Amino acid sequence: MVSFKSLAAVGLTLAATSAPVHAFSSYISQWIPVNYTTEGGWDNRTFFAQQEIVAAANWWASQGPWSVLNKTFMAPTNNTHDYLSWAPYYWADCSNVGNTTELTPQQVWSECNYVNRDGEFSPDVRLVNDTGNFQAMSDAVFYNTLAYKITGDESFAQKSAWFLDTWFINNDTYMNPNLNWAQVRRGANGSNGGQHTGVLDLHGMTKVASAVLVLRALGSPSWTATLDKGMNDWSTQYVNWLLTNEIALEEKAATNNHGSFYFSQTASIQVLIGDYAGARQTMEEFFEGIYQDQITADGDQPLESARTRPYHYRAYNAAAIITINRIAEYIGWDTWNITTKAGVTVKEAVDFAMTKPAGDEAADELYPDVAAIGSHYNDPDGKYSSWLAQQDVTYPGQAYFFWEQPFTDSGLKVYISDSGSVESGTPPANSGSNGSNGSKDNAAAALNPSPVVSFAVAALFGAVVAAAL
């Protein structure tokens with residue numbers, strides 16, 4: 001049993017932040033294609049996807065910055081810099097307590113037993129929201145770095161640098177470089193520290209690492225040598241924790257998406273700190289190890305299909321594999337055609353996933369995976385673009401369409417509405433959008449930063465984070 005002290009009790013005044021429901025996608029796992037992004041000269045058909053990225057960057061920038069200090073309760077260490085999250089799928093069962101009066105939340109967390117409900121988020125789990133805050137930070141850095149290159153506006157790079165400094169580097173707000181208290185299981189039958197599943201909380205490090213590489217490559221004045229050294233120092237300590245700590249090594253041994261995201265996260269940070277040999281060794285371990293049994297001959301991912309939300313988990317693990325392939329590609333190693341024992345690749349995994357209905361799950365989780373497969377393996381018969389067009393007629397305006405290239409827009413017309421959403425068809429006459437599929441003539445004007453639009457938001461205990469296990 002562990003106790004969680006309120007930060008208010010030690011006199012800290014903290015900004016209450018959250019990762020709200022909004023109009024912009026938070027992608028499961030991404031690695032910015034560094035060379036593609038920095039070289040420019042993109043297909044005009046990506047114009048509206050570029051607009052969407054800039055709008056997302058503006059929106060996310062209005063929410064930050066984020067820090068591990070932005071939570072109500074601390075880990076039992078009482079160290080404000082320690083990352084903390086609670087196991088999301090564990091629910092309180094107080095039948096063992098025998099109480100005659102209503103229990104306080106703190107009594108529930110310490111006296112009741114907690115039981116696992118796979119895939120079901122405990123309603124109070126985001127009262128401690130380092131998970132959501134990290135995801136929000138990684139999205140903000142991801143989008144603002146892309147917007148910096150798209151617009152040429154240094155203010156976007158300044159925001160990325162600010163968010164990175166606040167989370168990783170600044171002496172007052174940094175996160176300690178470990179996950180010793182991630183996904184703690186509460187209750188009388190709880191864990192005495194973090195669980196290996198908590199390593200998944202930082203799977204968005206792939207977005208962060210690739211964004212830093214882009215800032216470096218573009219020579220942003222905002223990404224100073226001091227910040228770069230601070231980021232390298234933090235990342236070196238964290239990757240050492242990933243490679244040696246018992247909690248992290250348990251996650252490495254996981255054979256499902258947990259293991260996949262361990263490898264993608266670890267390799268991305270090794271690339272960030274310039275350890276290409278280490279990154280390659282990490283990815284070799286993945287392809288020679290757990291990957292071999294993840295995809296069967298028909299393309300199924302049985303470890304994901306067996307879960308309570310199979311559509312989500314199939315897309316989730318495929319996204320991790322795609323990201324690993326992209327990291328390998330960045331260091332000059334082509335892994336896309338490495339097969340499992342069954343002789344198949346992530347392409348067949350996505351092919352299989354496309355045949356399964358989403359049901360009541362979020363269908364759009366699979367869309368970036370489909371575009372990635374169509375982009376890399378080519379789509380000569382239009383299999384992937386046709387499927388996407390049937391599922392989402394706005395896909396050429398979605399952010400992922402910008403970097404999933406070359407890939408056709410299927411002749412679909414889209415535009416960005418005044419509220420910032422991607423819409424299908426021709427815009428109203430009084431709209432600022434021309435509804436075309438991209439034109440360099442109006443790119444500069446349309447991509448200039450505009451006032452942040454207001455979006456309806458909702459929050460569930462301060463966050464919306466699919467921290468899938």
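In the predicted model, Asn78 is partly exposed, its relative accessible area being 37%. Asn78 belongs to the loop that runs between α2 and β1. The phi angle of Asn78 is positive, near 60 degrees, in a residue other than glycine. The loop between α2 (47-61) and β1 (90-93) also holds Pro65. The peptide bond that joins Gly64 to Pro65 is cis, and its omega is near 0 degrees.

With a relative accessible area of 33%, Ser410 is partly exposed. Pro406 is likewise placed in the loop between α16 and β3 (414-416). A cis peptide bond leads from Gln405 to Pro406, with omega near 5 degrees.

For the chain as a whole, the secondary structure amounts to 17 helices and four strands. Of the 469 residues in the chain, 60% are buried. Among contacts in the chain with a separation of 6 or more, 75% are between residues 24 or more positions apart.

Thr173 is found in the loop between α5 (154-169) and α6. The relative accessible area of Thr173 is 18%; the residue is therefore buried, given that buried means under 20%. A polar atom of the Thr173 side chain lies 2.7 Å from the backbone oxygen of Thr166. When residues up to four places away in sequence are not counted, Thr173 touches Asp165, Thr166 and Trp167, together with Ser67, Val68, Leu69 and His81.

The packing of α6 and α7 was examined next. Two packed helices are described by the angle between their axes and by the distance between the axes. For helix α6 (residues 205-218) and helix α7 (residues 225-244), the angle is about 150 degrees and the axes are 12 Å apart. The two helices, α6 and α7, are therefore roughly antiparallel to each other, since angles over 145 degrees count as such. Their crossing is left-handed. On the α6 side, the contact is made by Met205, Val208, Val212 and Arg216, and on the α7 side by Asp228, Met231, Asn232 and Trp234. By residue type, the contact of α6 with α7 comprises five nonpolar residues, one polar residue and two charged residues.

Helix α14 (residues 367-377) is mostly covered, with ten of its eleven residues buried. The buried residues of α14 are Tyr367, Pro368, Asp369, Val370, Ala371, Ala372, Ile373, Gly374, Ser375 and Tyr377. Among the elements that cover them are α12, α13, α15 (383-391) and α16 (400-403). After α14 comes Asn378, which has a positive phi, near 75 degrees.

Ile373, a residue of helix α14, has a relative accessible area of 0% and is therefore buried. Leaving out residues up to four places away in sequence, Ile373 touches Ile322, Val346, Lys347, Val350, Asn378 and Tyr384. Asn378, one of the residues touched by Ile373, is the residue with positive phi that follows α14.

Ile338 is situated in the loop between α12 (310-330) and α13 (346-354). Beyond its neighbours within four places in sequence, Ile338 is in contact with Phe287, Tyr291, Trp333, Val344 and Thr345. Ile338 and Tyr291 stand 47 residues apart in sequence, while their C-alpha atoms are 9.7 Å apart in space.

How values were computed. Residues are numbered from 1 along each chain as its sequence is written. This is a predicted model: local features need pLDDT of at least 70, side-chain atom pairs count only at pLDDT 80 or more; totals for chains, interfaces and linings use all residues. Side-chain values use heavy atoms; hydrogens and water are left out. Contact means heavy atoms within 4.5 Å. Axes are lines fitted to C-alpha atoms, for helices over the stretch in contact, and angles run from 0 to 180 degrees between N-to-C directions. Angles under 35 degrees count as roughly parallel, over 145 as roughly antiparallel, 65 to 115 as roughly perpendicular and the rest as oblique. A crossing is left-handed if the near helix is turned anticlockwise from the far one by less than a right angle, and right-handed if clockwise. Ala, Val, Leu, Ile, Met, Phe, Trp, Tyr, Cys and Pro count as nonpolar, Asp, Glu, Lys and Arg as charged, and the others, Gly among them, as polar. Buried means under 20% relative accessible area, exposed over 50%, partly exposed in between (1.4 Å probe, protein chains only). A polar contact is a pair of N or O atoms within 3.5 Å; within protein, one must be able to donate a hydrogen and the other to accept it, and residues adjacent in sequence count only if both atoms are side-chain atoms.
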